[in-house]
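Q: I would like to learn how to read a structure like this one, feature by feature. Could we begin with the general idea each time and then turn to the case at hand?

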Amino acid sequence: MRLTQGTFSFLPDLSDDQIRAQIEYCLAQGWALSIEYTDDPHPRNTYWEMFGPPMFDLRDTAGVMTELEDVRRTFPGHYIKLNAFDSTRGFETIRLSFIVNRPRHEPGFRLVREESAGRTVRYTVHAYAADRPEGERYE
Amino acid sequence: MTPVAPTDDTLDLGAALADSHVAEVLATLDAELIGLAPVKTRIREIAALLLVEKLRMQAGLSAGPPSLHMSFTGNPGTGKTTIALRMAEILHLLGYVRKGHLVAVTRDDLVGQFIGHTAPKTKEVLKRAMGGVLFIDEAYFLYRPENERDYGQEVIEILLQVMENQRDDLVVILAGYRDRMSRFFASNPGMSSRIAHHIDFPDYAPDELHDIALLMLGQLQYRLSPDAERALVEYIERRRAQPNFANARSVRNALDRARLRQANRLFSRGGGSLTRDDLMTIEAEDIRASRVFKDPAASEAER
């Protein structure tokens, strides 16, 4: 099951040239880019690991792309996303965020039904990948 | 397989030149920077090479991206930083760097304070400089042979790697004093061989310094009285003979102090009206009050 989230969740994965164009746009807006990665695909997992500090004061895409190549080399089988942070007063938040790398095989989620008091059923979404320890989930 | 273009096709060099605006930049370089003939020749050559490479590419001839890393050597105040700024502009106009900004750093910005601090710090600076020019001032400080555990070596290794692999992403310019830079290159042959252009900045001749002074004053909208003009010539002559002479920088400092004295002279006149001319003119006494005109021992402290 293909995990989707962020700005371009409805589109197929962006190619490197398309990523470059997005970065170019972000830099032109004066946003700072940062890279995050995770191997826990749960939709409620909002806080991913940072790959280095956010990149402030960059002028050219090459800087971000170098970093992106670096993280892809380090975590080839992880989810990786690019965030663009807008420091303008009033925004001071992420303006754009999209996935730039995903594991080759995404096994998806199991729906767990828990019977509780009375006839109540509680639902849990459980990622198959999360059965394995962190760092070994997508080989 | 390189594409073969028709051989009788002529390419318009004039149009390409006009298109790149490089002639304008070179003209302002000539007008605003005095002296430095060898430097200007070299910049002209580089600009010409880049333009011809571009035309070769259009004609379908092979055109490897030329290595543009440079080293600027010369005494203090010979215009290394100024030229680096211009260089970024020229390279941008010719389309060899995408953004054309200059990131000026020194050892402190690159070398970390503990193990594992240097690499991220250097990489951050490199990322900021991408698409432009990285100017490393006093680059010889990066290498400290007396301390083998110095982190400067790590910076040099990272730099070398990026200079080799990401030639189209950034241009590195190393600058420093001549003798120390040659020692630096002697102990880092890898660095020396990756730098295509070693440009030496000569010291200014006295009349060039005089022209520089007049140019600076013109930009600040000051002028010299005829007496002050003579005093300035004499000042430059004396100052050059003294230790710690820093070419154009010394001249600028001298002019700043002359402005200070001029202001004080006008101030201490008390009442009375001042004309526009008074405000603009630097008199001989403003220059002659300098320590340079006193006994040599006293002027030792002045830098």
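This is a predicted model: local features need pLDDT of at least 70, side-chain atom pairs count only at pLDDT 80 or more; totals for chains, interfaces and linings use all residues.

**Reading a sheet, a helix and a buried residue**

A: Let us start with one pair of residues: B:Ser71 stands opposite B:Leu174 in E4 of chain B.

Q: How many bridges join strand E1 of chain B to strand E4 of chain B, and do the two run parallel or antiparallel?

A: In general, the strands of a sheet pair through backbone hydrogen bonds, in either a parallel or an antiparallel manner. Here 4 bridges join E1 (residues 70-74) to E4 (residues 171-176) of chain B, and the two strands run parallel.

Q: In what order do the 5 strands of the open sheet in chain B lie?

A: The order is E2-E3-E4-E1-E5, with parallel pairing, and the sheet is open. Its edges are strand E2 (102-105) and strand E5 (197-201) of chain B, each of which pairs on one side only. From one strand to the next, the twist averages 20°.

Q: What is the setting of this sheet, in terms of the helices and strands of chain B?

A: Chain B has 15 helices and 7 strands, and its C-alpha trace spans about 80 × 55 × 30 Å along the principal axes. Of the 303 residues in chain B, 33% are buried. Among contacts in chain B with a separation of 6 or more, 78% are between residues 24 or more positions apart.

Q: How many residues of chain A are in contact with chain B?

A: 10 residues of chain A are in contact with 11 residues of chain B, and the chain A side comprises 3 nonpolar, 3 polar and 4 charged residues.

Q: Why does A:Trp31 count as buried?

A: A:Trp31 counts as buried because it has 23 C-beta neighbours inside 10 Å, where 20 or more are needed. A:Trp31 is found in the loop between helix H1 (16-29) and strand E1 (32-38) of chain A. Leaving aside residues up to four places away in sequence, A:Trp31 touches A:Cys26, A:Ala84, A:Phe85, A:Asp86 and A:Arg95.

Note on methods. Residues are numbered from 1 along each chain as its sequence is written. Chains are lettered from A and ligands numbered from 1 in the order in which they are written. Two strands pair if DSSP finds at least two bridges between them. Axes are lines fitted to C-alpha atoms, for helices over the stretch in contact, and angles run from 0 to 180 degrees between N-to-C directions. A residue is buried if 20 or more other C-beta atoms lie within 10 Å of its own, exposed if 12 or fewer, and partly exposed in between; C-beta atoms are placed from the backbone. Two residues are in contact if their C-beta atoms, placed from the backbone, lie within 7 Å. Ala, Val, Leu, Ile, Met, Phe, Trp, Tyr, Cys and Pro count as nonpolar, Asp, Glu, Lys and Arg as charged, and the others, Gly among them, as polar.
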